[in-house]
Amino acid sequence: MVVGPVAQRWEPRWRAAVVSNVDAIVVGGRCAGAATALSLAESGHRVLMVEAARWPSDTMSTLYIHQPGVVQLARVGVLDDVLASGCPTIISLNHHVGGVTVSGSLPLFDGVGFALAPRRYVLDSIMVAKARELGVDFRQRTRFVGALWDGGRVVGARLAGDEVYDVRCAVLVGADGMRSRVAKAVSAPIQRDDGRRTFVHYTGWRDLGRAAVEIHEASGRYASVIPTHDRTWLVATYGAQAAFAKARRNPLQHHLDTVRQLDLALWRELERRDPVVRLHGSGDQKNFVRRPCGPGWALVGDAGHHKDSITARGITDALRQAESLGHSLSGRLSSREATDAGLRDYAVARNALIENSYAQTLSATRLDVSKSRLQRHRLVAGSADLTQHHLRVLGGIATADDLTD
């Protein structure tokens, strides 16, 4: 057995070797990892989940979970807890494009007609708690050091907490984000790379009093306003990647200027108060697809494919992939042959799950409000049926091609 290249830098830290065995190791304890651990544990598998951060900890994103993601929360048994945490339900959306507004109630998906945008420390903590209820061994402040190999197959992981130790497993799952250490350790090939398209800035403001999610688009600019916990609204603004160098000179001013250009009434509200969530931002919104699995390993969520946050599909897609991996491996971790068959099934399912959302996200990142698009948006605004179809596309329930037909 050998340890992969990521581990070699850690050799001087070696203090102890505690070798144990589980069915699956999940690296990453946030929503993608916790959902994967939940799905595997529900099938009776022994699961170890590790997270490098101190728990709980917050992270900033669009926070938005579309209706298919809400369905996944219900399936893993955490939806009631998320609602009980005070997370507001989102039942309507206003989509403003070049001065034309499409407004409507969110369509149903499997009986769910609302979206959610919980703060991540709330959502992740609830999901970890549920995983532990199902017997998942969760270890925080524990870093993945490298993969253990037997020939060309991953057979475990070297981990570093209070000591460094090895754990053997049938499958190693990377759910550790865009910069996945697991993906690096297993040399997961990138199958598609579409680079960076936009940059994003986030702030949070209390008591904005909006009745619906607001999305504003104009050529080169985009903004969304989304309610989350504690009467707070997340305001996100986007610009083209080419403008990032200029925007980063004074990011808060650029953020507010974008709001002013797209929603003057909102800008006037923000000018009179201070944010309750300080400015966060990123110009490193990569768009890529990695190979989802290989001998003894799999990737879930942003570790396996990452896309611009402009369509807010990340959490929803991660939850769906987690369920898919759990189903594909259910009862199939007792032998290498069965595990490999399950991983092949997951590869097919994962690729099918991301195809439409990835394409729609790349389309959105063009930040292009052409005359033909504005004409289509005006047509949609004048039809109740087309409005519902449009909202299904935004929610990942239908495709843009379906809307055109």
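This report walks through the helix packing and the sheets of one predicted protein model.

**Ground rules and confidence**

The model is predicted, so local features need pLDDT of at least 70 and side-chain atom pairs count only at pLDDT 80 or more, while totals for chains, interfaces and linings use all residues. Residues are numbered from 1 along each chain as its sequence is written, and side-chain values use heavy atoms, with hydrogens and water left out.

The predictor's confidence in each residue is given as pLDDT, from 0 to 100. For the protein chain the mean pLDDT is 93, and 94% of the residues reach 70 or more. One stretch to treat with care is residues 5-16, where pLDDT stays under 50. The model has 27 contacts beyond four places in sequence for that stretch, a contact being heavy atoms within 4.5 Å.

**Helices that pack together**

Helices (H or I, at least four residues) and strands (E, at least two) are DSSP runs, numbered from the N terminus. Axes are lines fitted to C-alpha atoms, for helices over the stretch in contact, and angles run from 0 to 180 degrees between N-to-C directions.

| Helix pair | Angle | Axis distance |
|---|---|---|
| H2 (residues 31-42) and H10 (residues 314-329) | about 25° | 8 Å |
| H2 and H5 (residues 120-133) | about 20° | 9 Å |
| H10 and H11 | about 155° | 8 Å |

Angles under 35 degrees count as roughly parallel, over 145 as roughly antiparallel, 65 to 115 as roughly perpendicular and the rest as oblique. With its angle of about 25°, H2 is therefore roughly parallel to H10. Their crossing is right-handed; a crossing is left-handed if the near helix is turned anticlockwise from the far one by less than a right angle, and right-handed if clockwise. On the H2 side the contact is made by Cys31, Ala32, Ala35, Thr36, Ser39 and Leu40, and the H10 side includes Ile315, Ala318, Leu319 and Ala322. By class, this contact has 10 nonpolar, 4 polar and 1 charged residues. Ala, Val, Leu, Ile, Met, Phe, Trp, Tyr, Cys and Pro count as nonpolar, Asp, Glu, Lys and Arg as charged, and the others, Gly among them, as polar.

H2 also packs against H5 at about 20°, which means that H2 is roughly parallel to H5. The crossing of H2 and H5 is left-handed. Cys31, Ala34, Ala35 and Leu38 of H2 meet residues of H5 that include Arg120, Asp124, Met127 and Lys130.

H10 passes H11 in a right-handed crossing. Among the contact residues are Asp317, Arg320 and Gln321 of H10, and Asp345, Tyr346 and Arg350 of H11. The split by class is 7 nonpolar, 6 polar and 4 charged.

**The sheets and the helices on them**

Two strands pair if DSSP finds at least two bridges between them. Strand E18 (residues 286-290) is joined to E21 by 2 bridges, and Phe288 has His306 in E21 as its bridge partner.

Another open sheet has 7 strands in the order E6-E5-E14-E15-E16-E13-E17, with mixed pairing. The edges are E6 (100-105) and E17 (277-282), each pairing on one side only. From one strand to the next, the twist averages 10°. Strand E13 (residues 198-206) runs antiparallel to E17, and 4 bridges join them; His201 has Gly281 in E17 as its bridge partner. Helix H12 (residues 371-381) lies across E5 (92-97), E6 and E14 (213-218), running at about 40° to E6.
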